[in-house]
Amino acid sequence: MSYRKFLAVLLPLPLLVALGGAQADAADTLLSKRQPVLASSIEDDTLPAALAVDGSTTTRWASTEGVDPQWIRVDLGQPAAIRRVKLNWEAAYAKAYRIEVSDNGTDFRTVQDVANGNGGTDDLTGLTAHGRYVRLVGTQRATPYGYSLWELEVYGTADSSGDTQPPTVPTGLQTTAVTATSAALKWTASTDNVGVSGYDVLRNGVVVASTESPVFNDTGLTDSTTYQYAVRARDLAGNQSGLSQAISVQTSAGGTGAFVLAAAGDIADRCTESDSSCVHPKTARLVQAMNPANVITMGDNQYDDAHLSDFKNYYDKTWGKFKAITKPIPGNHESYDDTPFAGYRSYFGSIATPQGKQYYSWDKGNWHFVALDSNDFVTGEGLAEPAQLTWLKQDLANNTKGCVAAYYHHPRFSSGDHGDNPDSIALWQTLVGAKVDLVLNGHDHHYERFLPQNVNGQVDPNGPVQIIGGMGGAPLYDVHSGHPATAKILSTYGALKLSMTDTTFSSQLIGLDSKVLDSSPTYTCH
């Protein structure tokens, strides 16, 4: 929305809400400026959520017009005492809204409800909240448009202010599993006067990864080789502990056919490197650092309607660098083109249809990969079995490789915004019945790794490992309570690193800061 579209003249009437009668502490600082921010929606690509925390009163975030509720969430980067929230509204303001706080970005508690907002500037002082994430939830629009903020400011005191005490040294470092190409490590968690933020893992004296949990699976190693490991802890203020006692680990013999793949779905929003909030250039750099043998995309490669011009203007400038080694599949957004899939097929050419269809298979090492177009199953074909499913059954029957992976856009199970997809039941049943080892999906804009599951989504070591990797660059979605088989769920951006051998596989989620946010066990193929 713009002022040209809004005919009425609004005179800003400041709204001051004091909780408990207290005033903001003089030592409070602005915690939200240029911090990571998410929103439930944006009106268009020129009004992203990041503009609400950029420190400028001439740039703004705007939500989709005409829809309630909507929200915007800022990550303060660390826990903090929150005593003031200041909202500088554009003409499209909230009549009713609430301020929420969370420790983990998922479970929120209400700090203040406002039922009579009148636009302008709302300065909510005297708050007594504590957490890392602050969310504004608009529940009733004051105009026919959406919600729009020039600035969202959060004031308070970060827990780490003045903290100079390092965490304790990690103890009990040991290996829990060693293969020809991986070493799984665990250790006893450190303690800190404020809070441990993570751990650095050192291999042969060099930091190779950072993780939030006291476990890590180091992959891509060489067989029959000795490695030395140590770990150290970090706190929210950046203080580091000393190194743990080092251990030596020797990988086993074998490990032939090892290679690395990079993967993600829901990738290129209509933005470029010049926009600091644009994510797909950042995830492309993660892929480049992996130096993968191939790149797998799990659909919705380009937003919003995946025209050829959009592919050329956005995707091609980032993930397009890997086009020659990419094995793509389409998502629902590729079908939104004026002629469905025209931009997708024109951009990728024969790469998208190597066997004449938008589904195909390919081999690498001892792995057989099946690339599927799940749009067939969402649209349905009456009672007849889709031709793609018939092809899939024959393809799996003809396979001679020892390990099998499948990837397609719409996940059978998901704890994200779209939830479980019953349309893909027949597809999932076929893959489980064929003892497929790994299934990769997109569609929901979050990361979720499942334990091996059976056809009903129950934990079963004989089933495939399903991973949702819809965090390649499109705006993130909220996540809900995980399924019983969910091993890890995060609403965050990143790229998947898949480490494969002739008999095993493991996965890591690499975050935008190149840190390992999740690491799977090493699985042996069925």
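This note goes through a predicted model point by point, from conventions to sheet, cores, cavity, helix and backbone details.

1. Conventions. Residues are numbered from 1 along each chain as its sequence is written, and side-chain values use heavy atoms, with hydrogens and water left out. The model is predicted, so local features need pLDDT of at least 70 and side-chain atom pairs count only at pLDDT 80 or more, while totals for chains, interfaces and linings use all residues. Helices (H or I, at least four residues) and strands (E, at least two) are DSSP runs, numbered from the N terminus.

2. A three-stranded sheet. An open sheet is formed by 3 strands in the order S10-S11-S14, with antiparallel pairing; two strands pair if DSSP finds at least two bridges between them. Strand S10 (171–178) and strand S14 (215–218) are the edge strands, each pairing on one side only. From one strand to the next the twist averages 20°; axes are lines fitted to C-alpha atoms, for helices over the stretch in contact, and angles run from 0 to 180 degrees between N-to-C directions.

3. S10 and S11 run antiparallel and are joined by 5 bridges. They make a hairpin with 4 residues between them, and Ala177 stands opposite Ala184 in S11. On the other pairing, strand S11 (residues 183–188) meets S14 in the antiparallel sense over 4 bridges. There Lys186 is opposite Val215 in S14.

4. Largest nonpolar core. A nonpolar core is a set of buried Ala, Val, Leu, Ile, Met, Phe, Trp, Tyr and Cys residues joined through side-chain atoms within 4.5 Å. Buried means under 20% relative accessible area, exposed over 50%, and partly exposed in between (1.4 Å probe, protein chains only). The largest core has 70 residues, of which Tyr229, Phe369, Tyr407 and Leu440 touch the most other members. Strand S17 (residues 259–264) supplies the largest share of this core, 5 residues. Leaving aside neighbours within four places in sequence, Leu440 is in contact (heavy atoms within 4.5 Å) with Ala263, Ile296, Met298, Ala406, Tyr407, Tyr408, Ile467, Leu496 and Leu498.

5. Ile99 is found in strand S6 (residues 94–102) and is buried, with a relative accessible area of 2%. Residues up to four places away in sequence not counted, Ile99 touches Val85, Leu87, Arg109, Thr110, Val111, Gln112, Leu124, Val134, Arg135 and Leu136. Ile99 and Asp113 are 14 residues apart in sequence and 6.6 Å apart in space, C-alpha to C-alpha.

6. Cavity. The structure holds 1 cavity of 30 Å³ or more. On a 1 Å grid over the protein atoms alone, a cavity is a set of points where a 1.4 Å probe fits but cannot get out, and lining residues have an atom within 4 Å of a point. Grid points are joined across faces, edges and corners, and a volume is the space filled by probe spheres set on the points. The largest cavity holds about 30 Å³ of space. Its lining consists of Trp61, Gln70, Trp89, Leu136, Gly138 and Tyr147. Strand S5 (70–89) and strand S8 (121–141) are the elements that give two or more residues to this lining.

7. Helix H1. The buried residues of helix H1 (residues 280–290) are His280, Pro281, Thr283, Ala284, Leu286, Val287 and Met290. Their cover includes S17, S18, strand S27 (495–500) and strand S28 (504–510). After H1 comes Asn291, with a positive phi near 50°.

8. Cis peptide bonds. Asp68 and Pro69 are joined by a cis peptide bond with omega of about -10°. Pro69 lies in the loop between strand S4 (61–62) and S5. The peptide bond from Tyr303 to Asp304 is also cis, with omega near -10°. Asp304 sits in the loop between strand S18 (294–297) and helix H2 (308–313).

9. Ser224 is not a glycine, yet its phi is positive, about 55°. It is placed in the loop between S14 and strand S15 (226–235) and, at 42% relative accessibility, counts as partly exposed. His443, also not a glycine, has a positive phi of about 75°. His443 belongs to the loop between strand S23 (438–441) and strand S24 (447–450), and at 12% relative accessibility His443 counts as buried.

Technical notes
1 Å grid on protein atoms, 1.4 Å probe; cavity = no way out; pocket = protein on both sides within 12 Å on 5 of 7 lines; lining within 4 Å.
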